[in-house]
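Open the model in your viewer and keep the selection tool ready. We will go from stop to stop, and each stop says what to select.

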Amino acid sequence: MSIGRATVLSLGFVGAVALGMWIGPNVLSRDAAGGPAKQTAASTATRPASGAATLARTSMPAAVVPASEPALQKRLKDVLNQGTNVQIAAEGFRNGEQFAAVAHAARNTGVPFMVLKDRVVAKRMSLAAALRDVKPDVNAAAEANRARTMARADVAAVSG
């Protein structure tokens, strides 16, 4: 290998590392739905607030309730189909909000819960992408937001 090729190869490697360091924080700060991650009080300490909406969003941290929480499972039993084993249905979700959102989206759209769960948990799709994939005629983004709102209400009722 000539000195010129080794130099070009080294500069390419250094450039790739620099590019990774530059875009890495943006890629890592995305949530599962593909949008910007919600800011926490710790992250706002390093960045100035850019408006009232950001300040309002960060002032009330969401309660994290595990999907295995018995009170949440009891609350979602009526949302899932009759006879569903709620403990098995809750397995694999990151948290209770994700579990509740998938359950509500399944009920609201008529898509089987296990189909949405497979896409969200196993295939790591966002809820909106999973809905779009299974039922293209539905406004997936609106239904996902509606389900998340209902899920947050469930989590808040259980945690508070």
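Start with aspartate 133. It is partly exposed, at 43% relative accessible area. Partly exposed sits between buried (under 20% relative accessible area) and exposed (over 50%), with a 1.4 Å probe and protein chains only as cover.

A word on the ground rules. This is a predicted model: local features need pLDDT of at least 70, side-chain atom pairs count only at pLDDT 80 or more, and totals for chains, interfaces and linings use all residues. Residues are numbered from 1 along each chain as its sequence is written, and side-chain values use heavy atoms, with hydrogens and water left out.

**Stop 1: the partner of aspartate 133**

The term means a side-chain nitrogen of Lys or Arg within 4 Å of a carboxyl oxygen of Asp or Glu. Aspartate 133 is in helix H8 and arginine 119 in helix H7, so the bridge links distant parts of the chain, 14 residues apart. Helices here are DSSP runs (H or I, at least four residues), and strands are E runs of at least two, numbered from the N terminus. Arginine 119 counts as buried, at 18% relative accessibility.

**Stop 2: two more bridges**

The salt bridge count is 5. Select glutamate 97 and arginine 152, another such pair, with the closest N and O atoms 3.2 Å apart. Glutamate 97 lies in helix H6 and arginine 152 in helix H9, so the pair ties together parts 55 residues apart in sequence. Glutamate 97 is buried at 18%. Arginine 152 is partly exposed at 36%.

Now pick aspartate 118 and lysine 123. They form a salt bridge too, with the closest N and O atoms 3.7 Å apart. Aspartate 118 is partly exposed, at 33%.

**Stop 3: helix H8**

Select residues 127-134, which make up H8. Which residues are buried in helix H8? They are Leu127, Ala128, Ala130 and Leu131. Look down the axis of H8: its buried residues fall within an arc of 160°, so they line one face of the helix. The arc is taken from the directions from the helix axis to the C-beta atoms. The cover over these buried residues includes helix H6 (96-109), helix H7 (113-122) and helix H9 (140-159).

**Stop 4: glutamate 143**

Move to glutamate 143 in helix H9. It counts as buried, at 16% relative accessibility. Leaving out residues up to four places away in sequence, glutamate 143 touches Asn108, Thr109, Leu131 and Val138. Contact means heavy atoms within 4.5 Å.

**Stop 5: the nonpolar core**

Select Leu80, Phe99, Val102, Phe113, Leu116, Leu127 and Leu131. Of the 30 residues in the largest nonpolar core, these touch the most other members. Such a core is a set of buried Ala, Val, Leu, Ile, Met, Phe, Trp, Tyr and Cys residues joined through side-chain atoms within 4.5 Å. H6 gives the most to this core, with 7 residues. Now zoom in on leucine 80. Beyond residues up to four places away in sequence, leucine 80 touches Val86, Ala89, Phe99, Ala103, Arg107 and Phe113.

**Last stop: the whole chain**

Clear the selection and colour by element type. The chain has 9 helices and 0 strands. Buried residues make up 30% of its 160 residues.
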